[in-house]
Amino acid sequence: MESVCVPLDDGQGGWQAPKAPSLTPTLTGRGRAARGQAFGAGMAAVVIGINGGEQAEEELRARERQQAAVAELGQQALAGMDLSALMDRAVALVAGALNVEYVRVLEFLPERKALRLRAGVGWQDGCVGRVTIGIEADWLASCALITGETVIVSDTRAETRFSIPSLLRDHGVISSVTMVIAGREQPYGVLGADTNRERTFTEDEIHFLQEVANVLGTAIERQRAEEALRENYNLLRAIIEASPDDIFVKDLQGRFLMVNAAVARLVGKPVEEILGKNDTAFFPPDAARRIMEDDQRVLASGGSETFEETITGAEGPRAKLTTKAVYHDEQGNVIGLIGIGRDITARKRAEEALRRSHNLLRAVIEGTSDAVFVKDLQGRYLMVNSATARFLGKPAEEIIGKEDAALFPPDVARGIRERDRRILATGQPETFEEVIVGVDGPHTLFTVKTAYHNDQGHVIGIIGIARDITERKRAEAEREQLLAREQATRAEAEAAQRRFAFLAEAGRVLAASLDYATTLENVAHMAVPELADWCVVDVMEENRAIHRVAVAHADPTKEEQARALQRRYPPDPAITSPRADVLRTGKPVLVPEVSDRWLAAVTRGAEHFRLIRELGMRSYMCVPLQSHGRTLGVLTFVSAQLDRRYGPDDLALAEELARDAALAVENARLYRARSEIARTLQESLLPPRLPEIPEVELAAGYRPAYEGVDVGGDFYDVFETSPGAWAMVIGDVAGKGVDAAAVTALARHTLRAVAMRAHRPSQILSQLNDGILQQREGEAFCTVACVCLSLFPFPAAWVPGGGARGARLTLACGGHPLPLLLRADGSVQAIGRLGTLLGFFPDPELADQTVDLHPGDAVILYTDGVTEARAGADLFGEERLASLVAACAGLDARGIVERIEHAVVEFQSGTLHDDIAILVLRIPR
């Protein structure tokens with residue numbers, strides 16, 4: 001028999017014979033026995049042949065063990081064994097099947113720069129799960145990972161190809177095999193078998209190890225896929241649950257198979273009570289029937305459809321935009337319905353507000369004297385206001401749909417169209433002056449045009465505003481001609497240009513504020529040093545007293561000196577002076593050259609003369625501030641420069657500045673007077689103070705939306721109707737100004753008069769409705785909440801010591817927000833029933849409700865300026881108000897009012913967008 005030899009992995013092509021118990025031949029480089037050995041060749045052949053047969057049987061048994069191990073491992077992987085347990089079982093099976101001391105599974109760490117010992121057999125305690133090896137330090141693993149081939153080392157002690165990792169060296173590993181655990185996209189890690197004995201791994205053993213690696217790789221990929229699927233499912237479920245939209249799934253019979261939290265909130269039931277039921281279990285019959293008919297139509301079409309519908313759920317009617325679509329099984333059969341509903345209640349309210357805003361905007365556009373128009377992309381007029389129609393001499397309906405070529409001469413129309421195309425192309429606004437021929441001849445227009453966009457941001461037309469500046473242009477032309485004739489040099493032209501810019505800037509400053517003192521202070525400082533080195537502004541008050549509102553000097557130290565001088569010698573109209581002369585006559589004073597003689601004539605003694613002279617006056621102008629024939633004050637300009645002497649041009653500039661300043665002063669005074677009138681009128685529409693009701697706390701708060709000249713429409717009142725009986729009302733009249741004030745006054749007086757005869761709030765509000773319709777003829781409407789209050793004693797047992805009192809409220813609401821009832825324990829509920837607006841319909845729907853108040857209870861009445869307060873797109877809302885009121889338990893009536901008012905103002909960052917009124921009644925403990 002022949003000897004069985006296997007290759008020696010020493011890189012030299014040597015051979016190694018299997019060891020026998022009694023005979024070990026020494027082999028040379030080619031595997032032949034050395035000459036002169038002391039044993040016979042035949043005997044050796046017999047022994048080796050026997051051992052070879054035993055080895056073949058052992059290899060067969062080993063292969064069977066290996067196949068059984070692979071089969072067992074595969075079954076466990078298919079059964080879904082936990083990956084860590086599967087790896088532990090795999091390394092144990094490999095160790096037993098290959099008869100090795102060590103087995104290792106190294107997995108990549110997330111950054112893929114190092115490997116961690118994930119599972120293993122034979123390693124020292126604490127190694128598995130903790131030991132990490134850098135890729136650069138483990139050349140066995142890195143070579144296997146880079147090449148994708150199995151790496152075998154027969155003797156680590158003689159290995160020169162690789163650096164052996166310290167994990168193997170520390171454990172005395174001599175022979176080792178390492179192979180890749182492959183993944184779908186990238187390797188998971190490596191599988192290795194190691195022994196402290198020098199041995200050669202057979203092809204079957206390598207194949208077995210590869211099968212184990214394949215089983216592990218497949219199990220790892222499957223687990224990763226399952227984890228990804230679970231993550232995706234959980235993510236999808238989380239998204240559905242977190243969505244504010246109603247999301248649901250129904251079967252063909254309309255039964256709910258899945259709903260999210262939003263649907264549960266809408267229905268007002270837990271999810272588990274919804275599943276398996278159809279719409280008839282949660283909605284009114286008509287609504288459920290309509291919903292189910294929509295479902296059947298979508299199921300029949302096999303597609304999708306979007307509905308705008310009103311759903312009445314646990315929180316009342318809500319506007320919904322719902323999309324429904326069928327879903328299929330794997331064979332493509334329709335098996336149910338998927339729906340997504342978005343709450344658009346706020347949007348519908350916003351649309352209504354937008355319509356109101358549109359009407360208001362239309363009224364503003366119609367009320368302006370400027371021509372306002374809108375064109376489409378083809379230049380056709382889509383909208384024109386009355387001013388445009390008057391300018392063109394045609395009714396608006398004859399202009400709509402036409403282009404400029406049909407309305408203007410060809411050259412003019414062509415120029416307009418070219419500018420329009422440029423604006424449409426760039427999307428940028430343009431401002432220009434143009435000469436347009438109107439019905440009464442050519443006019444110079446100052447026009448602003450800009451592109452306007454749709455919701456997607458696409459340019460869809462042009463908006464234009466044109467102001468007729470023909471008269472101004474004529475005045476400007478005359479002024480320019482006058483300046484042109486008087487310009488002798490380039491320097492004079494530049495000076496005139498600077499003065500014109502000065503006037504323009506002064507006009508901007510004057511128009512920027514209605515506080516005339518601040519405005520004139522700014523103008524005085526603007527005049528220095530452009531027009532003067534020293535500018536003083538004096539204003540005559542209503543009592544004829546002269547008040548100096550501004551002093552400006554080019555030298556700050558002299559400015560303080562001038563102020564000190566004014567304090568020492570204040571203006572006195574009784575004393576002759578240029579300023580007093582201007583105030584008396586309304587005519588300007590020009591002193592081109594200030595002389596000592598002139599100074600001596602206008603000062604009040606030697607000391608005054610000396611102080612004025614120190615200021616360095618060289619030239620002097622004093623011009624009146626006049627408006628509508630009245631002299632309101634004077635502007636005084638002083639030049640301290642030797643090379644600047646005032647002349648007629650300077651005086652003309654000063655007078656023009658004074659005219660603009662006088663107009664600003666007059667406007668400011670008119671604004672202040674009108675504001676005072678508005679405030680006085682507003683105060684007259686509210687009770688000066690609340691009455692005192694025995695054993696009852698009363699408090700009210702009112703906050704107007706804007707500091708301005710318009711009277712708001714919110715009001716409240718409390719008055720006695722009979723002994724021990726009282727009425728409380730709060731209301732909100734649509735609009736502002738005089739009309740709103742008239743309706744408010746009508747409502748208050750009518751309520752007081754009617755309440756003396758009628759005893760039910762619904763009767764009182766019904767008669768108020770009749771009064772508004774009769775006197776206002778449908779031009780105004782309001783919302784009102786009316787409460788009739790009766791006091792009664794509580795049983796003595798309710799309160800220690802007895803004698804406590806309570807109140808019985810009967811209330812009705814005509815379109816007004818429902819009052820809130822705050823119980824002593826902090827619970828809050830809306831009371832009353834929402835009725836019809838007053839002043840709209842002849843027979844409003846109104847209903848009474850009675851509520852008893854106990855000690856510590858309070859009722860809060862408010863206007864919609866509270867709940868509709870906005871912070872960006874966020875509303876203060878009824879829920880936030882209810883939570884706020886609940887936190888007011890224990891506060892007195894005044895404390896409750898102040899807490900609510902403060903919260904609403906703070907919510908809007910101090911800027912109210914609507915008036916707010918609050919009325920609180922509380923029974924003290």
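Does K348 count as buried, partly exposed or exposed, and at what relative accessibility? K348 counts as partly exposed, at 31% relative accessibility. The structure discussed here is a predicted model.

K348 is paired with E308 in a salt bridge whose closest N and O atoms lie 2.8 Å apart. K375 lies in strand β14 (residues 371-376) and D420 in helix α12 (residues 410-426), and the two are 45 residues apart. K375 is buried, at 1% relative accessibility, and D420 is also buried, with a relative accessible area of 1%.

The whole structure contains 60 salt bridges. Side chains of opposite charge can pair when their charged atoms come close. In one such case, the side chains of D286 and R289 meet at 2.6 Å, N to O.

Both residues belong to helix α8 (residues 285-301), where they are three residues apart and therefore separated by about one helical turn. An α-helix has 3.6 residues a turn, so residues three or four places apart point the same way. D286 is exposed, with a relative accessible area of 53%, while R289 is partly exposed, at 43%.

## Packing of helices α16 and α19

Two packed helices are described by the angle between their axes and the distance between the axes. For helix α16 (residues 556-568) and helix α19 (residues 606-614), the axes come within 10 Å and cross at roughly 160°. This angle makes α16 roughly antiparallel to α19. The crossing of α16 with α19 is left-handed.

On the α16 side, the contact involves K558, Q561, L565 and R568; on the α19 side, E607, H608, L611, I612 and E614 take part. Sorted by class, this contact has four charged, three nonpolar and two polar residues.

Which residues of helix α17 (residues 578-585) are buried? They are P578, R579, A580, V582 and L583. The cover over these buried residues includes the strands β19 (534-540), β20 (546-553), β21 (589-591), β22 (619-627) and β23 (630-639), together with helix α18 (596-602).

After α17 comes G586, which has a positive phi near 75°.

## Backbone features

Most residues other than glycine have a negative phi, and most peptide bonds are trans. R112 has a positive phi of about 60° although it is not a glycine. R112 is located in the loop between β3 (102-108) and β4 (114-121), and it is partly exposed, with a relative accessible area of 28%. E695, likewise not a glycine, also has a positive phi of about 60°. Its position is in the loop between α20 (648-684) and β24 (697-703), where E695 is partly exposed at a relative accessible area of 47%.

The peptide bond from V528 to P529 is cis, with omega near 5°. P529 is part of helix α15 (residues 516-530).

## A buried loop residue

Where does A758 lie? A758 is in the loop between α21 (737-755) and α22 (761-776). With 6% relative accessibility, A758 counts as buried.

Leaving aside residues up to four places away in sequence, A758 touches Q763, I764 and Q767. A758 and T721 are 37 residues apart in sequence, and their C-alpha atoms are 9.4 Å apart in space.

How values were computed:
Residues numbered from 1 in each chain as written. Predicted model: local features only at pLDDT ≥ 70, side-chain atom pairs only at ≥ 80, totals over all residues. Heavy atoms only, no water. Axes fitted to C-alpha atoms, helices over the stretch in contact; angles between N-to-C directions. Helix = DSSP H or I, 4+ residues; strand = E, 2+ residues; numbered from the N terminus. Parallel < 35°, antiparallel > 145°, perpendicular 65-115°, else oblique. Left-handed = near helix turned anticlockwise from the far one by under 90°. Contact = heavy atoms within 4.5 Å. Nonpolar A, V, L, I, M, F, W, Y, C, P; charged D, E, K, R; others polar. Salt bridge = Lys/Arg side-chain N within 4 Å of Asp/Glu carboxyl O. Buried < 20%, exposed > 50% of the residue type's maximum accessible area, 1.4 Å probe, protein only.
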